Amino acid sequence: MGKTELYSLYKAFLDCICLCLPRSSNEAAGDSERDTESGHLIYRNGDVLEDRYEIVDTLGEGTFGKVVQCVDHSRGGSHVALKIIKNLEKYKEAAKLEINVLEKITEKDPDNKHHCVQMLDWFNFYGHVCISFELLSLSTFDFQKANNFLPYPINQIRHMAHQICHAVSFLHDNKLTHTDLKPENILFVNSDFSIIYNAEKKCNERRVKDTSVRLVDFGSATFDHEHHSTIISTRHYRAPEVILELGWSHPCDVWSIGCILFEYYQGFTLYQTHDNKEHLAMMESMLGPIPQRMIQKSRKQKYFHRGRLDWNESSKAGRYVKEKCKPLRKYLLSHGNEHHQFFHLLERMLEYEPSKRISLPSALCHPFFIYQGRTQVWRNSCDMSS
């Protein structure tokens, strides 16, 4: 008997064993037996997908599905994150679009230098699209939450902000808008921390040791040539041009970054609301009146009266906004130079007019990113007047 025949017999023997195992990923079962009513894959720790990915823990859950930690036996036992999409058509279609974006990112950034999460593989498992990624750590939101929403130190914000701007600028260069930037979608590579006593707050706080981050979740990312949905972004990070239905492009990501950086600095959300008109009123309380050009061109004239926001400051909502929202510079925690530079950058990012909002290449050359002293030397080509 030749080697080929022996191999075939051996493989058939292994397949028979696999069919007898109670928890094998190869067992024949219908989708209805594998899925929950909401479309999630039913699994347990120890299950193996594609004879390769051994599930060891559940990392998180979203409307799209779940993310699990796996041992990848085809990568020498390295640990990876596996995104398991619900077995529902609309989520599977969205996953295919995300894979298209991730493949573009891998093509343009083969050495993983642009701070975007790296897709390793993808496959279909009994109707579930599964995408494997490098394993990362806590999101910047989850770390701040575990830290009782204490602010990040300004030097850490600088490093995180630079990476975020770099990553999103890379997307824009490749004709992509992320459209869902928020602290939950920015993950630390390693969220190990030290305990530091905060004398001002009179409490212990966590101080992350390494502020290297990755941008994740490209499920809503949109190429410039693709259809642009009317509503994008998670509410609190939504740009005014989106709310006013004026159309949007790359600058809406810049607005979201400004909101994120404020949250890192203060420990709370810049615009804590779920209502469009209240959201606009909060913007006006912090940034001044919405420009007339934007009001006149908006499809949402119901929010305005005689060219001004139709807002009653004496109402319950009006009093809430007045109490919660101060002019932006009132939120300075220090009058040190780097804090003022940071707020100047925020003001440029939170410019109402998308055409006047700072671009990310210009933001990366902002004085806030010029380290005081010796830490980093920036390109001479930066136009510091931008």
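A: The largest pocket has a volume of about 1,100 Å³. A pocket here is an open set of points on a 1 Å grid over the protein atoms alone, where a 1.4 Å probe fits, with protein on both sides within 12 Å along at least five of seven lines. Grid points are joined across faces, edges and corners, and the volume is the space filled by probe spheres set on the points.

This is a predicted model: local features need pLDDT of at least 70, side-chain atom pairs count only at pLDDT 80 or more, and totals for chains, interfaces and linings use all residues. Residues are numbered from 1 along each chain as its sequence is written, and side-chain values use heavy atoms, leaving out hydrogens and water.

The lining of the largest pocket comes to 39 residues, each with an atom within 4 Å of a point. Phe64, Val67, Asn185, Val216 and Asp217 lie nearest the centre. Two or more lining residues come from each of strand E2 (53–62), strand E3 (65–72), E4, H3 and E6. Helices (H or I, at least four residues) and strands (E, at least two) are DSSP runs, numbered from the N terminus.

H3 gives the most to this lining, with 5 residues. Helix H3 covers residues 89–108. Its 20 residues should span 28 Å at 1.5 Å a residue, and the end C-alpha atoms are 29 Å apart, which agrees. The expected span is 1.5 Å times one less than the number of residues.

Within H3, Tyr91, Lys92, Ala95, Glu98, Ile99, Val101, Leu102 and Ile105 are buried, meaning under 20% relative accessible area with a 1.4 Å probe, protein chains only. An α-helix has 3.6 residues a turn, so residues three or four places apart point the same way. The cover over the buried residues of H3 includes strand E4 (78–85), strand E5 (119–125), strand E6 (128–134) and helix H5 (154–173). Strands E7 (176–177) and E12 (222–223) are also among the elements that cover them.

Back to Phe64. The charged end of lysine 83 sits over the ring of phenylalanine 64, 4.6 Å from its centre. That label requires NZ of Lys or CZ of Arg within 6 Å of the ring centre and within 35 degrees of the ring normal. Arginine 34 also has its charged end over a ring, that of tyrosine 126, 3.6 Å from the centre.

Buried residues make up 48% of its 386 residues.

Note on methods
Buried < 20%, exposed > 50% of the residue type's maximum accessible area, 1.4 Å probe, protein only. Contact = heavy atoms within 4.5 Å.
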